[in-house]
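This briefing sets out the fold, the core, selected helices and the charged pairs of the structure shown below.

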Amino acid sequence: MKKLSMLLFALGAVTLLSAGVAKKKKKVIFFGDSITQAGVGPEGYITQLGAMLQQSHAGQYELIGAGIGGNKVYDLYLRMEKDVLEKKPDVVVIYVGINDVWHKASSRTGTDFDKFGGFYRALIKKIQDNGAKVIVCTPSVIGEKKDGDNEQDADLNKYSELIRSISKEQSLPLVDLRKAFLDYEAANNKDNSEKGLLTSDRVHLNKEGNAFVADQMAKAITGL
């Protein structure tokens, strides 16, 4: 009888311990620019994604936005320690590239292609060295016209292809927003409008764009 009681006690302790482990939320940090900064707003992609995951994976995820307007890949690298690594994330979603391309033309403060790749790989390495998994994203659009009709399309395609290559080389999950946006525009932008379908101003997401990005992100996060 005594042995049975001890066995039941041990089984109960294991059950409680397992329950405690199961309740630990997976911390996901979204690391990026103004699109991610706005992502924590009432209609932002992080907020909408949180609601989606609460329905499908209740209590399993903690989502944190770490976006700052105007940021480029080297800005992310410089603030990574404080804004990401000190928070001990399980997963980091790198969503950057728009300003690296856009600001080359608008203010000559963008990021040259070779430097972009160097900083991007350095970001991944440091995050992985600190024990977190990495999801990479291609930049979406600077103008919603069909591919080739927007001024920065060629550069966006080039930088996106680099991120795809890094994803393949390092076996990293990829959220290919560039492809997803282009496919959507090809199917839905009948008037070849430069904004208004998924963006409010050619770049920043409207409510529908945030929902679209949230859906793309969900597939990658729940797939880990």
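In helix H8, the buried residues are Leu177, Arg178, Ala180, Phe181, Leu182 and Glu185; buried denotes under 20% relative accessible area, exposed over 50%, and partly exposed the range in between (1.4 Å probe, protein chains only). The model is predicted, so local features need pLDDT of at least 70 and side-chain atom pairs count only at pLDDT 80 or more, whereas totals for chains, interfaces and linings use all residues. Residues are numbered from 1 along each chain as its sequence is written, and side-chain values use heavy atoms, with hydrogens and water left out.

**Overall architecture**

- The protein chain contains 9 helices and 5 strands, where helices (H or I, at least four residues) and strands (E, at least two) are DSSP runs numbered from the N terminus.
- Starting at the N terminus, the order of elements is α-β-α-α-β-α-β-α-α-β-α-β-α-α.
- Of the 224 residues in the protein chain, 44% are buried.
- Among contacts (heavy atoms within 4.5 Å) with a separation of 6 or more, 75% join residues 24 or more positions apart.
- The accessible area of the protein chain is about 11,400 Å², of which carbon and sulfur atoms supply 54%; accessible areas come from the Shrake-Rupley method with a 1.4 Å probe, and for residues only the protein chains shown count as cover.

**Helix H8**

- Helix H8 spans residues 177-188, and its 12 residues reach 16 Å from first to last C-alpha, close to the 16 Å expected at 1.5 Å a residue; the expected span is 1.5 Å times one less than the number of residues.
- The cover over the buried residues of H8 includes strands E3 (91-95), E4 (133-137) and E5 (174-175), together with helices H7 (153-170) and H9 (207-222).
- Lys179 and Asp183 are 4 residues apart, about one turn of the helix.
- Lys179 is partly exposed because its relative accessible area is 46%, and Asp183 is likewise partly exposed, at 42%.

- The buried residues of H5 are Ile98, Asn99, Asp100, Val101 and His103.
- Cover for these residues includes H2, helix H4 (73-83), H6 and H7.
- Arg108 follows H5 and has a positive phi, near 60°.

- The number of salt bridges comes to 13.
- Lys104 pairs with Asp155, with the closest N and O atoms 3.1 Å apart. This pair links distant parts of the chain, as Lys104 lies in helix H5 (residues 98-106) and Asp155 in helix H7, 51 residues apart.
- Lys104 counts as partly exposed because its relative accessibility is 28%; Asp155 is partly exposed at 25%.
- Glu169 and Arg121 form a salt bridge at 3.2 Å, N to O. Here too distant parts of the chain are linked, with Glu169 in helix H7 and Arg121 in helix H6 (residues 113-129), 48 residues apart.
- Glu169 is exposed because its relative accessible area is 52%, whereas Arg121 is partly exposed at 33%.

**Nonpolar core**

- The largest nonpolar core has 57 residues, and the members that touch the most others are Phe30, Tyr45, Ile94, Tyr120 and Met217. H9 contributes the largest share of this core, 7 residues.
- A nonpolar core is a set of buried Ala, Val, Leu, Ile, Met, Phe, Trp, Tyr and Cys residues joined through side-chain atoms within 4.5 Å.
- Apart from neighbours within four places in sequence, Met217 contacts Phe30, Tyr45, Leu49, Val93, Tyr95, Cys137 and Val175.

**Surface and loop features**

- Tyr77, Leu78 and Phe119 make up a nonpolar surface patch with about 290 Å² of accessible area together; patch residues have over 30% relative accessible area and no salt bridge, with nonpolar side chains (Val, Leu, Ile, Met, Phe, Trp, Tyr) joined within 5 Å and like charges within 9 Å.
- Phe119 is located in helix H6 and counts as partly exposed, at 30% relative accessibility.
- Ala38 sits in the loop between helix H2 (34-37) and helix H3 (45-56), and is partly exposed because its relative accessibility is 48%.
- The C-alpha atoms of Ala38 and Gly65 are 8.8 Å apart in space, while the two residues are 27 apart in sequence.

Note on methods. A salt bridge is a side-chain nitrogen of Lys or Arg within 4 Å of a carboxyl oxygen of Asp or Glu.
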